[in-house]
Amino acid sequence: MCHALPCCLRFLMCGACWLTMHVDKRLCTVLGRLSTAPASPASRNWSSAPVSPNRLSVPSSPRSASSRSMQSPTLLQTVDEYLAADAADHHSFEILDDRALEAARWTDKEIRNLIGEIKRLGSPDDQGRSCVDFGVLFEETANMFDALSGLLKTAKKYNVVEFAGEQLWQGRDDRTQIILVADHFHGIKIRRRSTVDLTAISETRKSTRGFDSGFVPGSKCSICDNTVYQTDYVGASGKVFCKKCFRCGGCDKKLSQADYNVSRDGGIRCHKCHTDYERAHF
């Protein structure tokens with residue numbers, strides 16, 4: 001078969017074979033020298049030296065480092081714990097205003113009254129815990145609690161009561177049993193942000209301060225869906241409003257950018273309606 005090939009092709013094949021054999025021979029020679037050559041002092045020190053634990057740790061990326069710095073701590077305290085805190089605690093975490101303390105005290109009082117009413121109206125189960133139907137509790141305390149369902153939801157969150165479901169409704173859930181699992185309530189926990197977070201928020205607000213900050217031509221009012229012009233623009237809670245529609249979601253009072261509250265449901269309310277809503281949904 002090889003005799004049938006042209007002379008030029010046989011010449012190329014022979015040359016390729018010789019080149020392959022030559023490279024293999026040189027490579028074997030180099031590898032043999034490396035395997036028998038004594039290690040240099042630098043290589044011996046590097047291979048025999050114990051590895052520091054710091055060298056085994058993977059350096060964190062800039063993004064992960066910044067994420068850790070942004071996760072500033074928060075502090076959960078009852079009213080009594082807040083009032084008993086020392087100066088260092090107040091230096092590291094925000095100072096609560098009187099409205100937050102007032103709302104917390106009010107909720108604490110309501111939950112303690114709820115415990116007393118369940119004991120009064122309920123009957124013991126096989127574990128000795130006081131139990132009462134939601135319908136009975138609702139009818140008997142109609143003049144005592146403004147928002148019984150919201151109060152029960154908060155009490156369940158703090159493991160004071162147990163009941164099936166998340167939200168109870170009059171009529172539909174009248175036969176749902178409310179079980180008292182705690183005779184005492186120490187108080188709701190108020191979340192206090194760190195002063196590091198507050199400083200960052202303050203700097204952000206300084207950079208975006210001004211009545212027209214955030215205005216984009218052609219924006220639509222989130223209420224009436226009409227085009228909002230710069231002289232009629234109101235920005236609040238990441239939404240766009242016209243001055244006519246920027247009103248309290250509770251009493252329909254006209255609001256201003258300098259005097260409004262954003263409730264936990266995202267609704268815009270005046271101070272009074274916001275306080276009433278937060279109390280009912282604490």
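## Sheet and strand pairing

Two strands count as paired if DSSP finds at least two bridges between them. In this predicted model, β4 and β5 run antiparallel and are joined by two bridges. Glutamate 162 has isoleucine 179, in β5, as its bridge partner.

The open sheet to which these strands belong has four strands, in the order β2-β3-β5-β4, with antiparallel pairing. Its edges are β2 (123-124) and β4 (161-162); each has a single partner strand, so one side of each is left without a neighbour in the sheet. Strands of a sheet pair through backbone hydrogen bonds, either parallel or antiparallel.

## Nonpolar cores

The largest nonpolar core has 26 residues, and the members that touch the most others are Leu114, Ile118, Leu137, Leu152, Val160, Val161 and Ile178. Two or more residues each come from α5 (79-83), α7 (98-121), α8 (134-140), α9 and β5 (177-180). The largest share is that of α7, with six residues.

Isoleucine 178 is one of the residues that touch the most other members of the largest core. Leaving out residues up to four places away in sequence, isoleucine 178 touches Ile118, Ser130, Cys131, Val132, Phe134, Leu137, Leu152, Val161, Glu162, Phe163 and Leu168. Among these contacts is Glu162, the residue whose bridge partner is isoleucine 179.

## Helix α9 and serine 149

Helix α9 spans residues 148-157 and is mostly covered, with seven of its ten residues buried. The buried residues are Leu148, Ser149, Gly150, Leu151, Leu152, Thr154 and Ala155. Just after the helix, asparagine 159 takes a positive phi of about 60°.

Serine 149 lies in this helix. Its relative accessibility is 17%, and it therefore counts as buried, the cut-off being under 20%. Apart from residues up to four places away in sequence, serine 149 touches Phe134, Gln167 and Leu168.

## Threonine 74

Threonine 74 belongs to strand β1, which covers residues 74-77. Its relative accessibility is 37%, so threonine 74 counts as partly exposed; that class lies between the 20% and 50% limits.

With neighbours within four places in sequence left aside, threonine 74 is in contact with Phe93, Arg191, Arg192 and Arg193. For arginine 192, the separation from threonine 74 is 118 residues in sequence, while the C-alpha to C-alpha distance is 5.6 Å.

Note on methods
Residues are numbered from 1 along each chain as its sequence is written. This is a predicted model: local features need pLDDT of at least 70, side-chain atom pairs count only at pLDDT 80 or more; totals for chains, interfaces and linings use all residues. Side-chain values use heavy atoms; hydrogens and water are left out. Buried means under 20% relative accessible area, exposed over 50%, partly exposed in between (1.4 Å probe, protein chains only). Contact means heavy atoms within 4.5 Å. A nonpolar core is a set of buried Ala, Val, Leu, Ile, Met, Phe, Trp, Tyr and Cys residues joined through side-chain atoms within 4.5 Å.
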